[in-house]
Amino acid sequence: MDSKEIRIPTLEQIEAELQKEQYKSRYGRVLRSTVFSLLVVAAVAVIIAVLVFPVLQISGTSMTETLQDKDIVVAMNSSDYTTGDVIAFYYNNNILVKRVIAVTGDWVDIDEDGNVFVNGEMLEEPYISEKAFGDCNITLPYQVPDEKVFVMGDHRATSIDSRNTAVGCIGSELVVGRILFRVWPLSEMGAVK
């Protein structure tokens, strides 16, 4: 007789081994399905964040008191802007954030004290803390060209905006979106007005 004896597994051992293999197969399917689902969700989130609701970080002080340097905000792609909306737009490979003062066809005038008039009526601007004429090299009164908006920063003394030909009026093709919501810092979270 051979010293090596062949052992035949019992029925319980065969069933236990079968259950292990079935578990491994189910685990692999669930893992692949979960990873695929997470990748799809991440891709959809990135598409929404880029195309529909861009997330931006504020850089600079041209919008203080409304927005501070390093604030993080969410914008919404839109093509309909009204006076008072805060928008983000491309300028020289940067994204600037300013407030819409006037739209296509409106006449803008600014007096020496920094009071802003649109179509002959003085704007009520509760969002600014200090009026200033600022860096203005356009001829006033100024009519906003077709398909453009006239924007100004809330910190009028330092903001370079549509009052200066360096920036000028903003075409809709350059607008990233209307700023809706501040998400950071948490203590200031809320709608941007």
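Helices (H or I, at least four residues) and strands (E, at least two) are taken here as DSSP runs and numbered from the N terminus. The model is predicted, so that local features need pLDDT of at least 70 and side-chain atom pairs count only at pLDDT 80 or more, whereas totals for chains, interfaces and linings use all residues. Residues are numbered from 1 along each chain as its sequence is written, and side-chain values use heavy atoms, with hydrogens and water left out.

On this basis the chain has one helix and 12 strands, and the order from the N terminus is α-β-β-β-β-β-β-β-β-β-β-β-β. Of its 193 residues, 33% count as buried, where buried means under 20% relative accessible area, exposed over 50%, and partly exposed in between (1.4 Å probe, protein chains only). The accessible surface of the chain amounts to about 12500 Å², with 57% of it belonging to carbon and sulfur atoms; these areas come from the Shrake-Rupley method with a 1.4 Å probe, and for residues only the protein chains shown count as cover. With contact defined as heavy atoms within 4.5 Å, 57% of the contacts between residues at least 6 apart in sequence join residues at least 24 apart.

In soluble globular proteins, nonpolar side chains tend to be buried together. A nonpolar core is understood as a set of buried Ala, Val, Leu, Ile, Met, Phe, Trp, Tyr and Cys residues joined through side-chain atoms within 4.5 Å. The largest such core has 15 residues, and those with the most contacts inside it are Ile 101, Val 108, Val 116 and Phe 150. Two or more residues are given to this core by each of β4 (94-103), β5 (107-110), β6 (116-118) and β9. Apart from it lies another core, of 11 residues, which includes Val 73, Ala 75, Val 86 and Val 192. When neighbours within four places in sequence are left aside, Val 108 is in contact with Ala 102, Val 116, Phe 117, Leu 140, Pro 141, Tyr 142, Val 144 and Phe 150.

Two of these partners of Val 108, Leu 140 and Pro 141, are joined to each other by a cis peptide bond with omega of about -10°, and Pro 141 is placed in the loop between β7 (121-122) and β8 (142-143). Most residues other than glycine have a negative phi, and most peptide bonds are trans. Positive phi values were found for Asn 119, near 55°, and for Glu 147, about 60°.

Side chains of opposite charge can pair when their charged atoms come close. With a salt bridge defined as a side-chain nitrogen of Lys or Arg within 4 Å of a carboxyl oxygen of Asp or Glu, the count comes to four. In one of them, Arg 99 pairs with Asp 154, the closest N and O atoms being 2.8 Å apart; since Arg 99 lies in strand β4 and Asp 154 in the loop between β9 and β10, the pair ties together parts that are 55 residues apart in sequence. Arg 99 is buried, with a relative accessible area of 1%, and Asp 154 is likewise buried, at 2%. A salt bridge is also formed by Arg 156 and Glu 125, with closest N and O atoms 2.6 Å apart, and this pair connects the loop between β9 and β10 to the loop between β7 and β8, parts that are 31 residues apart in sequence. Both Arg 156 and Glu 125 are buried.

Arg 163, found in the loop between β9 (148-152) and β10 (170-171), meets Asp 161 in a salt bridge at 2.8 Å, N to O. Arg 163 is buried at 0% relative accessibility, and Asp 161 is buried at 1%. The side chain of Arg 163 also reaches the backbone oxygen of Ser 159 at 3.1 Å. Not counting residues up to four places away in sequence, Arg 163 touches a set of residues that includes Ile 110, Phe 133, Cys 136, Phe 150 and Arg 156. Of these, Phe 133 counts as partly exposed, at 29% relative accessibility, whereas Cys 136 counts as buried, at 17%.

Note on methods
Polar contact = N/O pair within 3.5 Å; in protein donor to acceptor, adjacent residues only side chain to side chain.
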